[in-house]
Amino acid sequence: MTLSILDLAPVVSGGTVARALRDTIDLARRAEGFGYRRYWLAEHHFAPGVASSAPAVLIALVAAATNTIRVGSGAVQLGHQTPLSVVEQFGLIDALHPGRIDLGIGRSGQRRAELTAEARAGVPPRSRAAEASAGPPPEPRAAEVVDGLLIPPPFDYSRLAQHPHLAHAATLLQQPGARTPDFADQIDDVLAFLAGTHEVRAVPGEGADLEVWILGSSGGQSARVAGERGLPFAANYHVSPSSVLEAVTAYREAFKPSATLAEPYVMVSADAVVAPDEGRARELAKGYDLWVRSIRTGSGAIPYPSAAEADAHVWTHDDRALVQDRLDTRFVGSPGQVADGLRVLRRVTGADELLVTTITHDHEDRVRSYELLADAWDRP
């Protein structure tokens with residue numbers, strides 16, 4: 001199947017971390033039966049509503065509970081760890097589950113630290129940089145529909161990057177005084193450790209049968225590094241829908257054949273909620289608005305709200321503006337509606353594979369959503 005799953009191990013309102021972890025393992029087992037290709041775990045920190053703070057630990061648990069589905073990270077953040085520690089962790093898992101483990105690597109931890117450092121140093125945010133220059137600020141890019149796929153205006157992260165919570169978090173994710181090397185150099189270290197060509201040996205890790213991926217949200221360094229090293233690339237439509245086409249284009253333009261790939265291989269992520277009919281799906285998806293709002297206000301993802309909690313929230317215009325791009329680019333509806341929407345995403349981005357993330361307040365609704373989507377995916 002060309003569908004895979006991204007799981008954040010969501011903690012729902014009234015739930016516990018233990019329950020979230022048990023639900024993740026249960027979903028992985030059932031997703032394997034539904035025929036999904038991969039089951040990836042995200043890395044998030046300081047978020048009361050997300051239990052996936054240590055993807056390597058969760059990957060080991062999920063791999064031990066399943067038999068055939070590939071299990072991996074979406075993504076390990078090299079801004080928080082060294083290449084050696086990542087290779088050793090995943091080498092341990094691969095030793096017990098050879099040929100099933102994906103090492104997905106992201107740069108967002110490094111970029112977040114850079115933005116926070118700039119904010120502390122008084123560097124003007126990117127959205128205000130034009131105001132500090134002689135010229136007027138550029139006009140915001142309008143939403144557009146490309147061959148049936150909505151590409152919303154870019155979200156302005158400058159205010160979020162200056163949030164004191166994020167600045168403090170950045171100091172806790174690294175040792176005091178630590179400096180993150182260039183992302184390309186880190187990836188080269190990872191590949192060298194795995195290949196056994198580094199000046200020192202990573203044991204376990206050297207020779208591990210890992211599938212190395214780069215994840216990215218824009219046409220920047222992550223896309224270029226993935227292409228130049230001939231690695232598969234995963235682009236973010238669900239987190240950064242405005243730049244997904246730039247990301248996949250930059251990757252393909254930079255691509256050079258390697259021992260890993262003869263030609264580019266792209267996976268694109270998407271948010272989806274599926275139910276037997278559209279009305280029920282929209283009811284199940286109600287908590288998403290508040291959940292995204294909590295992330296984009298800088299406080300970290302809250303426990304995933306119920307439909308009743310979502311209905312009780314009074315929205316302001318500014319609140320809506322914070323989350324609108326994420327709401328407009330979800331795929332919510334009946335199995336046929338969501339499968340058709342995801343086919344459009346695959347066609348427009350040229351994706352070889354899609355990575356679907358679904359969160360509902362009730363675990364069984366989430367399992368059923370993935371089951372319905374799997375059933376509908378291969379139908380004409």
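## A charge over a ring

Let's start with a detail: the charged end of Arg296 sits over the ring of Phe155, 3.8 Å from its centre. A charge counts as sitting over a ring if NZ of Lys or CZ of Arg is within 6 Å of the ring centre and within 35 degrees of the ring normal. Arg320 does this too, with its charged end over the ring of Trp315, 4.2 Å from the centre.

## What you're looking at

This is a predicted model, where local features need pLDDT of at least 70 and side-chain atom pairs count only at pLDDT 80 or more, while totals for chains, interfaces and linings use all residues. Residues are numbered from 1 along each chain as its sequence is written, and side-chain values use heavy atoms, with hydrogens and water left out.

The score pLDDT is the predictor's confidence in each residue, from 0 to 100. For the protein chain it averages 91, and 91% of the residues score at least 70. One stretch to treat separately is residues 124-137, where pLDDT stays under 50. The model has 13 contacts for that stretch beyond four places in sequence, a contact being heavy atoms within 4.5 Å.

## Overall build

The protein chain has 16 helices and 12 strands; these are DSSP runs, numbered from the N terminus, with helices (H or I) of at least four residues and strands (E) of at least two. Its radius of gyration is 20 Å, close to the 21 Å that the globule rule gives for 380 residues, so the chain is as compact as a globular protein of that length. That radius is taken over C-alpha atoms, and the rule is 2.2 Å times the number of residues to the power 0.38. Along the principal axes, the C-alpha atoms fill a box of roughly 60 × 60 × 40 Å.

Of the 380 residues, 53% are buried. Buried means under 20% relative accessible area, exposed over 50%, and partly exposed in between (1.4 Å probe, protein chains only). Among contacts with a separation of 6 or more, 75% join residues 24 or more positions apart.

In soluble globular proteins, nonpolar side chains tend to be buried together. Here, the largest nonpolar core has 103 residues, and Val268 and Leu342 have the most contacts inside it. Helix H16 (residues 363-377) gives this core its largest share, seven residues. To belong to such a core, residues must be buried Ala, Val, Leu, Ile, Met, Phe, Trp, Tyr or Cys, joined through side-chain atoms within 4.5 Å.

Leaving aside neighbours within four places in sequence, Leu342 is in contact with Ala270, Phe331, Leu354, Val356, Leu373 and Trp377. There's also a second, separate core of six residues, including Val273, Ala275, Leu284 and Val332.

## Rings together

The whole structure holds eight aromatic pairs. Rings of Phe, Tyr and Trp (its six-membered ring) pair if their centres lie within 6.5 Å; planes under 30 degrees apart count as stacked, over 60 as edge-to-face and the rest as tilted. Tyr288 and Trp291 make a tilted pair, 6.4 Å centre to centre with 35° between the planes.

Both of these residues lie in helix H12 (residues 287-296), three residues apart, or about one turn of the helix. Tyr288 is buried at 4% relative accessible area, and Trp291 is buried at 5%. Elsewhere, ring pairs link Trp40, Trp213 and Tyr265 into a cluster.

Ser334 is found in the loop between strand S11 (331-333) and helix H15 (335-349). At 17% relative accessibility it counts as buried. Apart from neighbours within four places in sequence, Ser334 is in contact with Val274, Ala275, Pro276, Asp277 and Glu278. Asp362, in the loop between strand S12 (353-357) and H16, counts as partly exposed at 37%.

The bond from Gly74 to Ala75 is cis, with omega near 10°, and Ala75 is in the loop between strand S3 (70-73) and strand S4 (76-77). The bond from Val203 to Pro204 is cis as well, with omega near -5°. Then there's Phe46, whose phi is near 60°, a positive value in a residue other than glycine; Phe46 is partly exposed, at 38%. Asp147 also has a positive phi, near 50°, in the loop between strand S6 (144-146) and strand S7 (149-151).
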